[in-house]
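Q: I have a model open and want to learn how to read its features. Where do we start?

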Amino acid sequence: TYAQAGAAALAQAMRDDPRVIALGEDVGRGVFGQYAGPQAEFGAHRGGDTPISESTIVGAAVGMA
């Protein structure tokens, strides 16, 4: 499925580069748990859920860049 492909691609990118993190809605435990695997494998310090606010997510990404 698209959900499995997205989770697999994210996990592979995180394995390949320790600088890769994931922030967004449903990245951690989330409602649907699509990306629960990568957070379980890499820990909460490499990504997690954010508020439902795209501007907050973008602001965090810009600040980290």
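A: With one residue. Glu41 has a relative accessible area of 45%. The model is predicted. Exposed means over 50% and buried under 20%, so Glu41 counts as partly exposed.

Q: Which residue forms a salt bridge with Glu41?

A: The general idea comes before the case. Side chains of opposite charge can pair when their charged atoms come close. Here the partner of Glu41 is Arg15, with the closest N and O atoms 3.1 Å apart. Arg15 is partly exposed too, at a relative accessible area of 45%.

Q: How many salt bridges does the structure hold?

A: There are 2. Asp17 and Arg19 also meet through their side chains, at 3.0 Å from N to O. Arg19 is exposed, with a relative accessible area of 71%.

Q: How do I read empty space inside a model?

A: Rolling a probe the size of a water molecule over the atoms shows where empty space is left. This structure has 1 cavity of 30 Å³ or more. The largest cavity has a volume of about 50 Å³.

Q: Which elements give two or more residues to the lining of the largest cavity?

A: Helix 1 (2-16) and helix 2 (36-42) do. Lining residues include Leu10, Met14, Pro38 and Gln39. By class, the lining has 6 nonpolar, 3 polar and 1 charged residues.

Q: Which residues form a nonpolar patch on the surface?

A: Ile21, Leu23 and Met64, with about 250 Å² of accessible area together. Leu23 sits in strand 1 (residues 22-24). Leu23 is partly exposed, at 36% relative accessibility.

Note on methods
Residues are numbered from 1 along each chain as its sequence is written. This is a predicted model: local features need pLDDT of at least 70, side-chain atom pairs count only at pLDDT 80 or more; totals for chains, interfaces and linings use all residues. Side-chain values use heavy atoms; hydrogens and water are left out. On a 1 Å grid over the protein atoms alone, a cavity is a set of points where a 1.4 Å probe fits but cannot get out, and a pocket is an open set with protein on both sides within 12 Å along at least five of seven lines; lining residues have an atom within 4 Å of a point. Grid points are joined across faces, edges and corners, and a volume is the space filled by probe spheres set on the points. Helices (H or I, at least four residues) and strands (E, at least two) are DSSP runs, numbered from the N terminus. Ala, Val, Leu, Ile, Met, Phe, Trp, Tyr, Cys and Pro count as nonpolar, Asp, Glu, Lys and Arg as charged, and the others, Gly among them, as polar. Patches are made of residues with over 30% relative accessible area and no salt bridge: like charges are joined within 9 Å, nonpolar side chains (Val, Leu, Ile, Met, Phe, Trp, Tyr) within 5 Å. Accessible areas come from the Shrake-Rupley method with a 1.4 Å probe; for residues, only the protein chains shown count as cover. A salt bridge is a side-chain nitrogen of Lys or Arg within 4 Å of a carboxyl oxygen of Asp or Glu. Buried means under 20% relative accessible area, exposed over 50%, partly exposed in between (1.4 Å probe, protein chains only).
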